[in-house]
Amino acid sequence: MTNFSDILLDRRTIRKYTSEPVDDKLLNELLVMGCRASTTGNMQVYSIIITREQQMKSDLAPLHFNQKMITEAPVVLTFCADFNRFNKWCLLRKAEPGYDNFLSFITGAIDALLVAQTVCIAAESKGLGICYLGTTTYNAHKIIDLMKLPKGVIPVTTVTLGWPAEKPIQVDRLPLEAVIHKERYVDYSNENIEKYYAFKERSEDSQKFVDENKKETLAQVFTDIRYNKADNIYFSKILLGVLKSQGFLE
Ligand SMILES: Cc1cc2nc3c(=O)[nH]c(=O)nc-3n(C[C@H](O)[C@H](O)[C@H](O)COP(=O)(O)O)c2cc1C
């Protein structure tokens, strides 16, 4: 059995899964472990929607820009910031909830992400593969409709889960010194930026990315294509609308 440090150090995102099912007992174990994650004030202001039905996956797929993991993974988990349940408990117990604000959304989102990541580590420790889907926040409004999420609930991330049918090459990380600051933040000089990003820029994958997208630099692939300003503004407006309609901007 591989030790836990090796599992963490050897991990990589898995986007292809075998047809072997993930049984309910195992999934339940992962969710129990996930729910041991730290949670704000022990309120557990999150919910997890399990998708196993093929029809639901097909309905969900376009909302994730047809990323194939949605229909191919045996399990899809949608992690939501959820004050709905907690608000209901408060009201039943003569307590006035004050959670219809932006801070509470962030609280629920942090809780949801912590439980998501803990489920992911639990899954990877059992040999399963996972992939996060950031598309959840782009189309949160459509996911809300499809999954019938009430006011107080916003999906914040999605994870596809299954037995790995691939072992992709591990992708780079910035050197540790690039992300660590001791006691106080030391701002980056141009020389440091050059140094920290050199390895990433030199990799074969990055070169391919730059060439395929007909760009001059790797950074341009991010700013002009993958995470461009126009999309960011467009989806920000939608997400702000979702925060309003789900009752977090009162
Ligand atoms: C919040 C979040 C959203 C992500 N969204 C996607 C996604 O929509 N599609 C995808 O294929 N991978 C997605 N990923 C996976 C990242 O691309 C992946 O973690 C990153 O490239 C590093 O690769 P590694 O996990 O194999 O180390 C996402 C990861 C995170 C944390």
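Reply: Gladly! A handy definition to begin with: the expected span of a helix is 1.5 Å times one less than its number of residues. Helices (H or I, at least four residues) and strands (E, at least two) are DSSP runs, numbered from the N terminus. This is a predicted model, where local features need pLDDT of at least 70, side-chain atom pairs count only at pLDDT 80 or more, and totals for chains, interfaces and linings use all residues. Residues are numbered from 1 along each chain as its sequence is written, and side-chain values use heavy atoms, leaving out hydrogens and water.

Me: How far apart are the end C-alpha atoms of helix H9?

Reply: Helix H9 covers residues 190-202, which is 13 residues. At 1.5 Å a residue they should span 18 Å, and the value in the model agrees: 17 Å.

Me: At which residue does H9 bend?

Reply: The bend is the angle between axes fitted to the seven residues ending at a residue and the seven starting there. For H9 this angle is about 35 degrees, at Tyr196.

Me: Is Asn42 buried or exposed?

Reply: Asn42 sits in the loop between helix H2 (24-34) and strand E1 (46-51). Although not a glycine, Asn42 has a positive phi of about 55 degrees. Buried means under 20% relative accessible area, exposed over 50%, partly exposed in between (1.4 Å probe, protein chains only). Asn42 has 60%, so this residue is exposed.

Me: What is the relative accessible area of Gln44?

Reply: Gln44 also lies in the loop between H2 and E1. Its phi is near 50 degrees, a positive value in a residue other than glycine. Gln44 is partly exposed, with a relative accessible area of 29%.
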